[in-house]
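Subject: Structure handover

Hello,

Here is the structure for you to take over. My notes on helix packing and aromatic rings follow below.

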Amino acid sequence: MPSSHAELIIVGTGMAGVGLARALRRQSDTRSICLISADSGDDYSKPLLSTAFAKRLPPERLAQRNANELADSLDARVLTQTTVSQLDAAHHSLRLADGQALGYDRLVLATGAEPRVPMAIPDPLKPRCFTVNNLDDYRCFHRALGATPARVAVIGAGLVGCEFANDLHAGGHEVSVIAPDATPLSRLLPAPLGRALGEAFLEAGIRLALGRTLKTMALNDDDGVTLTLDNEDSLTVDVLLMATGLAPRIALAEAAGLTVSASGIQVDRQLRTSHPDIHALGDVACVDGINAMYVQPLQASAQALAATLAGTPTAVRFGAWPVIVKTPLLPVVAYPPTQPPERWRIEGEGGDMTAIAEDRDGRLIGFALTGGCVRRKVELSRAAPTLLG
């Protein structure tokens, strides 16, 4: 038998899980809530993780509340540094890593996504290699960089890699970006706009090794790390930040027999999984075939699920919400099409460019903007199809 019970258990205390609990309490929902956090459970804004170095913010400045204060504000129980080892959907119970069993009436999986690290890190180099996906990660990375400028290799030129490269550069560090992509943000931007961002990085002094992969890494005699690329070029750094993508944390749900895919836990428009008393929310959820790992879809999902759990079944809707990339060296806004476009119609020059993704009938299905052209985001968002209408 479970040692304790909550009417609602939320696994995950990121923006999704905490946002859902807040939305329920704003509706005067009085059910018992237990939130389970694999980390310290501090309440913080995740977007700050990739802007904090430029703002010279130490980790303690990022946390708005600690776990105890969060629990008080939500009138909820918050378990920290706690992992769930097993989900028994048939018996409405969770088994924790320490052996404790928890029962629930409704369960929400808000376990987020975890960094993909596509290479094996040798044990001696693990203290030099980091991923930053939560505040605890940021604490470790901040500590490793120390008080003086460091040489940092960012592995990956996607959204996380580019934002951190810009932020670390603004924080005074020497930054190199290594990625197999030919241009930065290749999943969000057509090549001409990606090249414009790359040129802005280069002009600022960020080193780019694009179209390259990391072949070897080794400690050297000067307490640095020597990186050798696939073309035999080498560079020396102090630390590495792995920014090679995110994968939804589906293992718990998959082991419990819920329907999952590489895109996440499969849920309907009311965020129900294949079990009627279990919902999924945030980066781990694939909603009607769409996994949108951005703030606005997450917030919309939390509001819709709160209404559903409170007794008003509500289908989540995602608008035409563009991604605002935090790269002040060259502002970028992108609304990537959900299907490969027939063509990209590109206007502008230098760093100020507009790219319109069109289908075969010439209809706008997405867009990308850089520099001064980001002011067109409202106009083009109104003309674009919704992500999930």
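A residue counts as buried under 20% relative accessible area, as exposed over 50%, and as partly exposed in between (1.4 Å probe, protein chains only). This is a predicted model: local features need pLDDT of at least 70, side-chain atom pairs count only at pLDDT 80 or more, and totals for chains, interfaces and linings use all residues. Residues are numbered from 1 along each chain as its sequence is written, and side-chain values use heavy atoms, without hydrogens and water.

Aromatic rings

The whole structure holds 5 aromatic pairs. Rings of Phe, Tyr and Trp (its six-membered ring) pair if their centres lie within 6.5 Å; planes under 30 degrees apart are stacked, over 60 edge-to-face, the rest tilted.

One of the pairs is Phe53 with Phe141. This pair is edge-to-face, with 5.7 Å centre to centre and 85 degrees between the planes. The two residues are 88 residues apart, so the pair links distant parts of the chain. Phe53 is buried because its relative accessibility is 7%. Phe141 is buried too, at 0%.

Another pair is Phe318 with Trp321. This one is tilted: 6.2 Å between centres, 45 degrees between planes. Phe318 is buried at 3% relative accessibility. Trp321, at 26%, is partly exposed.

Phe53, Phe130, Tyr138 and Phe141 make up one aromatic cluster.

Best wishes

Terms used: Helices (H or I, at least four residues) and strands (E, at least two) are DSSP runs, numbered from the N terminus.
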